[in-house]
Amino acid sequence: MEIPLGIAIVILSVVILLYHWITRNNDYFHGKPIPSMAVKPLFGSTGPLILKKFSTTEYMHDIYWKYPNVKVFGLFDALTPIFVVRDPELIKKITVKDFDHFVDHRPMFGNSENNNPYSMFGKTLFGMTGKKWKNMRATLSPAFTGSKMRKMFELVIECSDSVAQYFLNQSKEIHEVELIDLCTRFGADVIATCAFGIKMDSMRDPNNDFYDNGKKMSRFERLSVSLRMIGFKFCPTLMGKLGIDIVDRSQVRYFSAIIRDAVQQRQAKNIIRPDMIHLLMQARQGTLKHQDEKETDEAFATAKESSIGKANVTFNMTDQEMIAQAFVFFLAGFETVSTTLAFVIHDLVMNQDVQQRLYEEIVATNDALEGKHLNYVTLQGMKYLDMVVTESMRMRPASPFIDRLCVEDYELDAGEGLKFTINKGTAVWIPAQGLHMDPKYYPEPEKFNPERFNDENKVNIDPMTYLPFGIGPRNCIGSRFALMEIKAIVYYLLLHFSFEANSKTPDPRESTIQSTYVMEINLAACIAALLIVILIYRWITRRNGYFHEKPIPSMAVAPLFGSTGALIFKKFSLHGFIKHIYQKYSNAKVFGLFDAMTPIFVVRDPELIKMITVKDFDHFIDHRPTFGNSENDNPYSIFGKTLFAMAGQKWRDMRATLSPAFTGSKMRKMFQLVLECSDSVTQYYVKQSKKTLEVELTDLFTRFGSDVIATCAFGIKMDSLRDHDNDFYDNGKKMMRFERLSVLLRMFAFKFFPSLMGHLGIDIIDRDQVRYFSALITDAVKQRQNKGIIRPDMIQLLIQARKGTLKHQDEKKSDEGFATAIESSIGKANVSFNMTDNEMIAQAFVFFLAGFETVSTTLTFLIHDLVTNQEVQQRLHEEIVATNESLQGKQLSYDTLQKMKYLDMVVTESLRIRPAAAFLDRLCIHDYELDDGQGLKFTINKGTAVWIPTQGLHMDPQYYPNPEKFDPERFNDENKANVNPMTYLPFGIGPRNCIGSRFALMEIKAIVYYLLLHFSFEANSKTPIPLELRKGFTIVAAEGDVWIDLKAR
């Protein structure tokens, strides 16, 4: 029954978290003074586009006109909030004036930090971000100036003339051609010669490798590519981390090899050719610099370079980055330019009057050349050709929208009272297609009319409304090349041929969307679902083979549950599980397991434990972030701000700040408060009329622990035995009910998604209890500050710590319990640490958790040990009586308690058999080379964790003969000197040991002293023998109630 329930809880937890994650930002625009489109889970506002109801061009036109009177509106592209900016002035602000806030594109197909050799797109100029993009832009920009185009023009002319001659040499007068095929073949040949340094002729050799690989690479309708595209849309960061690229690896290998071979040949033979490879080689060497250009006719659509592109920089371009630039040049030339060219020719087919006038300009230009080749300057001077190309790109820009990622919070002020923040991590879309087809800027926008761009009219065009190559510093670097290529082939073809429609020519007025979109929706939904399942499974199992490369044994791994499924499904108690796995590899010093999805190194060897926890502590300074992190500013997220959960320098500073509060001298001052509680509990039972009292130990000691913490940590006196239902105790009980479904869900979620839970501001503790205990502390601090109250308790010490007046002082040597954790130099350092209110509250909070549950559970175990070992109880009673008599009526003091050797031996042995923490954990924060000096050597990688199996060590007969026997003599003066401190770890080890060990031992010993002075502990019919522990990955506690009899002496 437990297994299905456990599975159901995990599945429910995952489903809730997935839904929460998917919909977490859905109300983002509700707090902005702008309209926004409806949002569907997973698909956002772009469902019709994802499910192929619209082309991208149609979708942009449709949403642009959805809000015709607004400057900005919101939508969601899948899970990302997008601000769609329609207003030219705001477009200028975002893309030009305040460009530094919007310097990047969204990371759609990878990122430039991914070192995977097959991950290309993120290393292109388009995919790069921040400073790296700025440096690459400035490095490459000189390769795309007019002077460089002049030098490269001859290569483009050869390709253009070759295509024209191919058709001229045919015997037919009329050639039926498919434009996309023609234009991609021409584009492939141009890119082959200009970017890859090889001559191709894809018209005469239709199946050449270069063209075939290009076709394969641009077949984006393939299922595998569709899955990747959906993956990049929904999980771009994950896809990048998995090393997945939009381009197939076989094509990456093919084109990479061409570039590497070309570069090697040119370097070896000193070949110079006016093409892109040569320019990239110059850029890499740092010899390609911006020079002042003569003013020449520029096409209207040409993107102007900004000061960023003209900067002189030194940038060390890697091989992969060099290859990636040629790669994106190929994709742009093969697909984008060829598609634009096909649109231009189709526009000429459908507008014969325009075609005739353009033909006349071409003939006149050719006649003027008097048999010479067409040159770059002459082509630039052809005004009507430029007007035609410009108008075609207005109607169908290659990119229907321009995107920008917000890299810093940006306060957008649109005037007229419209003011709001565009938050870091959101994106902006500039709807180029909508702007280009807006009659406000272009009357009769559906009409193909090149005259819009004649000399008289083009000066009236707002540059923010004509964006075929983008806008601002992040515009298209290759606009000159693209326009040169398009114009050259149009010139040569139209010089020799007219473009005519035939029966197969598509009418642009007819929709290209098929009526089978319902089938496409189902397919798309299936693809999305399949992709999500695959990605989730791959994410869950991505590290399952981690230990296979380490020279250590490792436990089997089940998806999602790792190696701890038996614990999650409550087949073991936590102590039982740790003991079980410790004994599983009895001859190993280290073995591996997975706690859910985290690789864990379980270290069994005392010498290696010492290396990790003491000698090389700086590599293992932190705990795993199990229930939050200290950087979360949510006022209800408390656990992450406790000393236990803090990390790095913040933990060091807090440890040094708090450590002076837990010295022996501070315990002496606080001891009176603990005595009052201990005596109060004892007197409560002494005054009962019965000689034998039946008590439930867990209830007794949580009430005692609650009272001790109330007085010592919160500065209030409670009496939970006489006032059973006091608020303090009730709130503590509610807080500690970890078996509740809501808490179980949170515990599972923290195990599987700790970072996400932290970002969502979810804490393991209910907000009601956070509010209650926070108010107690805040009120106590205010009262003391206002009234000058001083009391020897934890609040007073925290106030002093916060002021910086609590410092370490030399302590007199005195008897300490064997289990006492020794403070390291880190805790004794003098630091200045500004403790926030929340951090101060959090320290009192964790003190409560430890006292209410951990110390009370330890006391339950200890008394049970005395019940089942009457001879030990009798000897301990004799020591207590002797001590009491020696006091001669005086109160017990801290130093006297510390000198009680047999009491210390009993407590020490009980903590050995059932330590409060069954294992210790450490997070590896730097890669660590573990070497045992005997041939075992491997790396513990950053981000993995180490477990020290305390319960296993404590019950190992190698260190403790007959370990199941309760035998305090193990820790007498003669024997305890032989105990290896790395095999006895009830309060941890090293600088990150338990700061409150002295307090815990003082509290435990004090109540045992008073109770055993007046009562004996006896078993009754309800006493569980042997004592069973609660099963599952939960707090350590007895399974069920632990009843005993208190018999008055």
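Does Phe255 count as buried or exposed, and at what relative accessibility? At 1% relative accessibility, Phe255 counts as buried, where buried means under 20% relative accessible area, exposed over 50%, and partly exposed in between, with a 1.4 Å probe and protein chains only.

Good morning, colleagues. The model before you is predicted, so local features need pLDDT of at least 70 and side-chain atom pairs count only at pLDDT 80 or more, while totals for chains, interfaces and linings use all residues. Residues are numbered from 1 along each chain as its sequence is written, and side-chain values use heavy atoms, with hydrogens and water left out.

Let me stay with the aromatic residues. Rings of Phe, Tyr and Trp (for Trp, its six-membered ring) pair if their centres lie within 6.5 Å; planes under 30 degrees apart count as stacked, over 60 as edge-to-face, and the rest as tilted. The structure holds 49 aromatic pairs. In one of them, the ring centres of Phe167 and Phe497 are 6.3 Å apart and the planes stand at 85°, so the pair is edge-to-face. This pair links distant parts of the chain, 330 residues apart: Phe167 belongs to helix α6 (residues 146-168), and Phe497 to the loop between α19 (479-496) and α20 (517-541). Helices (H or I, at least four residues) and strands (E, at least two) are DSSP runs, numbered from the N terminus. Both Phe167 and Phe497 are buried. Phe255, with which I opened, forms an edge-to-face pair with Tyr254, at 5.0 Å centre to centre and 80° between the planes. Tyr254 is partly exposed, with a relative accessible area of 23%. Ring pairs also link Tyr28, Phe29, Phe76, Phe83 and Phe420 into a cluster.

I turn to the strands. Two strands pair if DSSP finds at least two bridges between them. An open sheet is formed by 4 strands in the order β1-β2-β6-β3, with mixed pairing. The edges are taken by β1 (72-77) and β3 (402-405), each with a single partner strand, so one side of each is left without a neighbour in the sheet. From one strand to the next, the twist averages 30°; angles run from 0 to 180 degrees between N-to-C directions, and axes are lines fitted to C-alpha atoms, for helices over the stretch in contact. Strands β1 and β2 (residues 80-85) run antiparallel and are joined by 6 bridges. Val72 has Val85 in β2 as its bridge partner.

A further pairing involves β4 (residues 410-415), which is joined to β5 (residues 418-422) by 5 bridges, again in an antiparallel arrangement. Glu411 has Thr421 in β5 as its bridge partner. The covered face of β4 carries Tyr410, Leu412 and Ala414, whereas Glu411, Asp413 and Gly415 lie on the uncovered one. The hairpin of β4 and β5 has 2 residues between the strands, and there Glu416 takes a positive phi near 55°.

Next, a helix packing. Helix α30 (residues 767-787) packs against helix α32 (residues 837-867) at an angle of about 115°, with the axes 10 Å apart. Their crossing is right-handed, that is, with the near helix turned clockwise from the far one by less than a right angle, anticlockwise being left-handed. On the α30 side, Gln769, Val770, Phe773, Ser774, Ile777, Thr778 and Val781 meet Met840, Ile841, Ala844, Phe845 and Phe848 of α32, contact meaning heavy atoms within 4.5 Å. The residues of this contact divide into 9 nonpolar, 3 polar and no charged; Ala, Val, Leu, Ile, Met, Phe, Trp, Tyr, Cys and Pro count as nonpolar, Asp, Glu, Lys and Arg as charged, and the others, Gly among them, as polar.

Helix α32 also holds Phe852, which is buried, with a relative accessible area of 1%. Leaving aside neighbours within four places in sequence, Phe852 is in contact with Thr702, Ser706, Ile709, Tyr729, Gly732, Lys733 and Met736. Phe852 and Phe704, 148 residues apart in sequence, are 8.3 Å apart in space, C-alpha to C-alpha.

I close with two single residues. Which residues does Glu391 touch, not counting those up to four places away in sequence? Glu391 touches Lys447, Phe448, Asn449, Pro450, Arg452 and Phe453. It lies in helix α16 (residues 383-395) and, at 0% relative accessibility, counts as buried. Asn830, by contrast, is exposed, with a relative accessible area of 60%, and is found in the loop between α31 (794-803) and α32. Its C-alpha atom is separated by 7.7 Å from that of Thr657, 173 residues apart along the chain.
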